[in-house]
Amino acid sequence: MSINQHTTRRSFFRNTTDGMFGAALASLLSDDVYGQSLDSGLDAAQTHFPPKAKAVIHLCMQGGPSQVDLFDPKPALKKYDGGEPPRELTQDAVFENDRRGQLMQSPWKFRQHGTSGAWVSEVMPHIAGEVDELCIVRSMYNVHPNHEPAIFKLVSGQTFPGHPTFGSWISYGLGSENRNLPSYVVLADPVGRLPTNGVSNWKSGYLPPVHQGTRMRAGDSPVLNLKPDYQELPAVTAAKRDLISRLDRIHKKSRPGQQVLDARLSNYEMAAKMQLEATQALSTADETEATQKMYGIGNKPTNEFGQRCLLARRLIERGVRFVQLFSRGQAWDNHSNIRTSLKSICDITDQPVAALVKDLRDRGLLDSTLVVWGGEFGRLPMSQGDHKKAGRDHGPYGFTSWMAGGGSKAGSVYGNTDEIGYASVENRVSIQDWHATILHLLGLHHEELVFNRNGLGERLTHQLETRVVHDIIA
Amino acid sequence: MRAICGISLCFVSESSLRAVELTFARDVRPILAARCDKCHGQKTRKADLSLVDWAAFKRGGESGPLIVAGAPDESLLFEMIHSGSMPPEDEPSMTAEQIGVIRQWIESGADLSGYESAQTVEVTYADIVPLILRRCVMCHGPEYQFGDLDLRQHSLMRQGGKNGAAFVAGKPDESLMVTRVVEQLCPPKADIGESGIEPMTTAELDRLKQWVAAGATPLSLIEDVATDKSDPLVTDDERQFWSFVPPRKTAPPTVTPESIRTEIDAFVLSKLNVSGVKFSAEADRTTLARRAAFALTGLPPSETLLIEFTEDHTADAWPRLLDRLLESPRYGEKWGRFWLDLAGYSDSEGKRNADSVRPFAWRYRDWVIKAFNDDKPYSEFLVEQLAGDELVDWADESSVTDDVIDRLTATGFLRMVPDGTAADPVNRFSDRMEVITDAIDVVSRSLMGLTMNCARCHTHKYDPIPQRDYYRMVAVFKGAYDEYDWMTPHAFNNQWKKSKQRLLEVLRPDERAAVKDKQQQTQKRIDEITAELKQKGLAGDQKKKLRAEQTELTALLKQSPKIRALWDRGRPSPTFLYRRGDETQPGILVGPGVPSMLTNGRTPFQPVVLKHSTPKTGRRLAFARWLTKDDHPLTARVIVNRIWQQHFGRGLVESSDNFGKLGTPPSHPELLDWLAVDFVEHGWSIKRLHRQIMTSAVWMQSSSVTDVHRSNDPDNRLLSRMPMRRLSAEEVRDTMLLVADRLNETPFGDPDAVEVREDGLVTSKPVDGKWRRSIYVRQRRKEMPTIFEAFDLPQMTPNCTERTASTVVTQSLHLLNNRMVFDLAQAFATRVQSEAGDDETGQVTRAFEIALNRRPSDEEREASLYAIRSIEQELSADGADESKSESESAAGDDTNISALAGFCHGLLNSASLLYVD
């Protein structure tokens with residue numbers, strides 16, 4: 001796949017004129033007649049340079065986890081508790097309202113953990129125990145204070161729908177290591193509503209649809225249309241498949257050289273294999289009791305999220321490139337009652353997330369799997385609402401995300417917010433920097449992972465000024 | 001690049017150089033003269049940049065100033081040469097020494113002595129106009145003059161409003177236009193969130209103060225437009241690129257006469273001969289009929305049509321078949337979809353997660369279908385879509401006819417792009433610019449085969465499209481799409497209550513009377529209900545019923561047929577070039593015009609003067625007429641190529657929306673030109689073009705691939721055979737419906753609703769147990785029916801100029817496991833049984849005839865019968881296990897129809913159905 005050869009933007013365009021690059025793209029777009037390749041655009045591909053990670057698990061914490069209550073302790077908040085934030089620190093604010101309100105100290109205590117000595121609040125005791133695996137970035141910022149545009153930015157680099165999400169770009173760049181499973185799997189909350197922005201969270205935009213995220217869930221039909229949506233005897237289904245296969249072979253016999261017909265036949269075979277493999281991947285029956293317990297399966301608050309974290313590991317083991325987990329709804333959107341609401345979502349996710357990191361490490365998978373944790377933004381250090389039941393409003397100007405494994409720098413803390421945790425001020429990391437760094441860990445250069453559309457070379461980082469954050473790479 | 005960087009750093013650190021003071025005249029200017037003046041000189045000013053005189057040098061080009069004194073890394077000049085972007089790739093890069101000199105010169109302060117000394121840049125009226133447009137005119141401009149104030153012109157500012165003049169020259173602190181902003185009274189706080197107007201920034205306010213302090217002097221602003229003098233930005237050489245000169249008809253080459261049917265064949269065969277390949281044999285009649293029916297109507301041929309054709313042995317049987325297909329109303333439904341892809345048709349606004357439904361978009365869809373069925377000449381088709389509102393005086397109520405309404409409906413073409421100005425967070429300038437950008441992108445790529453959108457931020461890197469020309473296009477559309485005088489797409493919650501909607505209510509006089517009458521009746525009934533509700537002693541459920549009726553009628557009252565049109569209002573704001581595409585960095589003022597490279601460069605653009613009852617700029621009409629003039633270099637070539645592409649899977653120009661330098665050169669240039677000229681000569685008729693293409697030997701070839709093909713024409717660029725093609729998403733669904741006798745052929749009107757299942761499956765809802773054709777299913781961006789997505793109907797962002805035809809496992813999964821397909825297989829089986837009776841062999845034959853227009857081969861029949869019998873066995877074994885008590889005969893019937901349905905399901909999944917030979 002020549003897209004992964006070391007090409008500059010310029011030679012990309014030159015190659016397009018030659019038609020060579022065009023042909024490579026076309027073979028991605030349609031399983032057509034180019035050579036013997038009958039792949040679905042998903043064959044495992046060469047990277048631009050040797051990768052550190054082979055797969056990504058994105059723990060998408062929608063709503064905006066509060067950095068000053070989790071990973072970014074601010075003693076100054078105690079000092080200034082109840083005061084207005086200084087104007088010179090709120091310059092970035094988009095809305096005037098974002099400058100107002102009384103500063104509020106965190107209701108939780110922070111302590112240093114592990115040999116790295118990184119600070120984590122008491123509300124995340126399990127993750128605190130894994131802190132030596134984490135690379136905590138305290139200087140993230142997003143460009144919009146509303147959920148929808150900020151989430152679009154987080155997943156696709158633009159604040160509106162239509163552009164491919166970063167999971168799709170990664171699938172496009174790396175292909176899949178397992179033809180019987182989708183390369184990009186989404187594990188959304190199985191019971192609740194879809195996350196904010198719905199299925200747009202995992203759309204492939206103008207990239208071929210095969211790179212779209214596939215929503216899976218444990219149960220009878222893990223993927224849409226994977227199993228008959230009607231009652232039928234298995235033997236009847238088998239007879240029908242046999243008929244299709246026979247008819248297609250007869251059809252193909254009189255049409256030699258039409259390679260697309262071979263691809264079709266193999267698709268029907270793959271459909272059957274996928275049914276088996278996906279069902280196996282999404283059943284945790286063969287996991288030991290100890291493993292299940294570690295993820296908090298069987299305990300009320302952690303049971304469901306623990307299941308999904310465990311499924312994420314199982315999918316990664318089977319060669320899926322990108323697994324995306326969403327926490328329940330906007331559980332991190334703690335506008336009010338932060339003392340109970342933030343605590344509650346931490347109780348749900350803390351143990352399973354820590355278990356996932358630990359489990360990956362114990363199985364030797366953490367080196368090649370990049371775990372990414374974070375929301376679309378964080379929260380303002382001021383209180384919102386009645387002081388007793390106070391929460392915090394959206395804070396896109398500075399927030400914390402972390403990585404673990406996959407070649408990220410374990411046991412480190414990068415960047416800083418200002419004295420009160422309002423805005424990112426030191427070693428600022430934009431969303432596109434974050435994306436470029438993730439691609440880099442996967443052996444992909446963000447300027448070379450290009451898709452030609454409308455005369456433009458589209459890419460995940462768009463035409464935005466972008467830097468790979470080498471300081472967070474081991 | 002890294003190597004050069006290293007050398008240059010070494011170089012400037014050498015002490016010998018540090019000691020020498022670099023001067024512009026002695027050290028820098030000669031480098032520029034040698035390496036840059038060719039393109040950025042006196043006569044040629046690429047990117048609107050000249051490096052020869054100091055004023056131009058200081059001003060910079062379209063991307064702004066070139067130098068930040070003391071900071072080479074922030075200076076555009078250094079960035080361009082250091083990154084290797086300049087000189088362009090066909091020129092050698094600058095030497096490390098040259099780069100080093102320029103770096104050091106900027107670092108040491110970019111002294112321009114020896115040239116002319118720099119002057120401090122003053123704020124002029126030209127800087128103030130865009131600022132006022134951005135921040136003030138929404139309330140003090142064309143639509144509203146709150147406080148009797150209009151700020152669009154200097155004289156009006158001086159004249160002021162009811163509180164006095166907007167400024168006091170020389171005294172910013174006493175000038176209302178300054179103090180209102182300082183005191184945060186303007187823009188009014190309540191409007192900020194809703195109107196999309198944000199307060200002036202400190203820098204902008206400083207500029208305004210500076211201008212007032214300096215005397216608030218006016219300046220006559222001159223628009224940059226094409227004149228009768230030669231254009232400094234585009235050279236005559238550049239105009240000679242093949243697609244920028246009008247097509248010329250050359251006589252078809254002479255080839256062996258027996259194998260050719262039409263001129264097209266002569267062009268194609270002469271190339272084939274060179275490669276030692278012949279045309280493939282003509283496909284058999286059934287294949288041809290099926291291929292033609294799918295090509296023209298998107299559905300298999302009817303049995304009558306097929307029989308008549310196969311039995312008609314006269315010479316013109318084939319053209320007669322084509323005529324009948326072209327006359328079918330299904331033709332417009334198939335080819336209308338082709339156009340809707342190019343337009344980016346959607347029933348929702350997109351851009352926001354809410355993806356609100358777009359009311360009345362379907363009227364444009366219906367207009368397109370009718371235009372194809374009527375074979376409206378392509379030139380008229382375009383003019384109406386680009387400027388229908390300027391063709392008719394629609395505002396004159398008495399003269400409204402169906403034609404007038406049609407013309408307005410046609411402008412829906414320009415209203416199809418995603419529009420984020422109808423949702424929360426509302427209507428920012430950047431959202432408006434996105435709409436304008438997308439609309440121009442659709443026009444330039446779909447109609448002209450140009451990637452104009454590259455020139456929004458900078459002069460096109462490959463084609464001679466200066467950034468200025470992009471903004472001239474923006475000015476063409478300004479009378480209707482004006483980011484400073486914006487209209488919202490439709491009513492929505494928390495919008496600025498004062499903003500005007502872009503839905504027109506234009507009705508014929510008799511319709512208007514009828515609607516009025518209806519509304520009066522409705523109102524009367526509402527009044528009655530209101531009175532009834534006031535009566536005492538009404539039962540609860542009675543009250544409830546009346547209230548429901550009242551709500552329903554009130555909603556009805558608000559509904560009246562509207563048109564999602566685009567119309568000129570005759571009051572365009574001035575158009576500024578936006579440096580780097582950023583609306584906060586206005587550059588020069590430009591007037592309307594067309595891309596210079598497509599003219600002789602010495603032709604002024606003249607808007608059409610219109611004398612209608614409302615003012616109109618006439619700019620779009622002039623543009624549309626220019627675009628459809630007979631010798632336009634691109635318009636006919638582009639559409640002829642697109643239609644060719646639909647037939648053969650690949651255009652004569654493969655990059656069908658890029659006819660520029662980065663596009664692929666035509667595989668058969670003479671044929672392309674011949675077709676384009678012939679198309680125009682024969683009245684821009686698309687139906688005629690289909691006939692022309694489909695009666696050629698090229699089109700009628702078999703699709704079989706032979707060894708000779710594989711060795712001499714492996715990817716069929718020479719057209720040595722007809723390509724086999726997978727049905728499109730719509731064709732797959734429509735064909736299954738037709739075969740199962742579940743197709744409702746009612747055309748037009750409100751789109752059919754879709755159902756979204758909790759797990760994400762989206763399915764179109766039936767109307768009276770049947771489904772309408774796919775083109776009538778609601779096309780909401782976030783709720784696309786799953787089957788369409790699986791078979792490559794893409795999201796329109798902003799449009800789709802080429803469908804892909806993937807072969808992925810989701811397609812097989814959908815056809816096998818989806819409930820609707822399963823149900824259609826049952827319906828198909830019921831139909832087969834009623835037409836063929838109970839004999840299984842007869843059933844198989846009939847099913848093949850219905851689905852594939854042919855009888856099964858022996859092998860196919862055997863496989864089919866084997867499947868039916870195996871399923872029957874399984875079912876009776878199962879039935880014997882579970883329901884012994886049921887009557888034998890009923891169970892037998894069920895078993896037969898179930899087995900037949902299983903076979904039919906297989907047939908719906910078969911390659912024979914999904915691929916057209």
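Chain A holds an open sheet of eight strands in the order β6-β5-β7-β1-β8-β11-β4-β12, with mixed pairing, where strands are DSSP runs of E of at least two residues, helices are runs of H or I of at least four, both numbered from the N terminus, and two strands pair if DSSP finds at least two bridges between them. The edges are taken by β6 (214–215) and β12 (412–414) of chain A, each with a single partner strand, so one side of each has no neighbour in the sheet. This is a predicted model, in which local features need pLDDT of at least 70 and side-chain atom pairs count only at pLDDT 80 or more, while totals for chains, interfaces and linings use all residues. Residues are numbered from 1 along each chain as its sequence is written, chains are lettered from A and ligands numbered from 1 in the order in which they are written, and side-chain values use heavy atoms, with hydrogens and water left out.

**Sheet and packed helices, chain A**

- Strands β4 (residues 134–140) and β11 (residues 399–404) of chain A run antiparallel and are joined by five bridges, with L134(A) standing opposite A404(A) in β11(A).
- Helix α11 (residues 303–317) of chain A packs on the sheet, touching β1 (55–60), β5 (184–187), β7 (322–326) and β8 (369–374) of chain A, and its direction makes about 175° with that of β7(A); contact means heavy atoms within 4.5 Å, and angles run from 0 to 180 degrees between N-to-C directions of lines fitted to C-alpha atoms, for helices over the stretch in contact.
- Helix α12 (residues 338–362) of chain A also packs on the sheet, touching β1, β8 and β11 of chain A, at about 170° to the direction of β1(A).

**Nonpolar cores, chain B**

- In the largest nonpolar core, of 155 residues, W339(B), F623(B) and W699(B) touch the most other members; such a core is a set of buried Ala, Val, Leu, Ile, Met, Phe, Trp, Tyr and Cys residues joined through side-chain atoms within 4.5 Å, buried meaning under 20% relative accessible area, exposed over 50% and partly exposed in between (1.4 Å probe, protein chains only).
- Helix α20 (residues 429–448) of chain B gives this core its largest share, 10 residues.
- A second, separate core of 64 residues includes A729(B), A740(B), A847(B) and I897(B).

**Cysteines**

- Zero disulfides are found over all chains, a disulfide being a pair of cysteine sulfur atoms within 2.5 Å.
- C457(B) is in no disulfide, the nearest cysteine sulfur, that of C454(B), being 9.1 Å away, and C457(B) is partly exposed at 29% relative accessibility.
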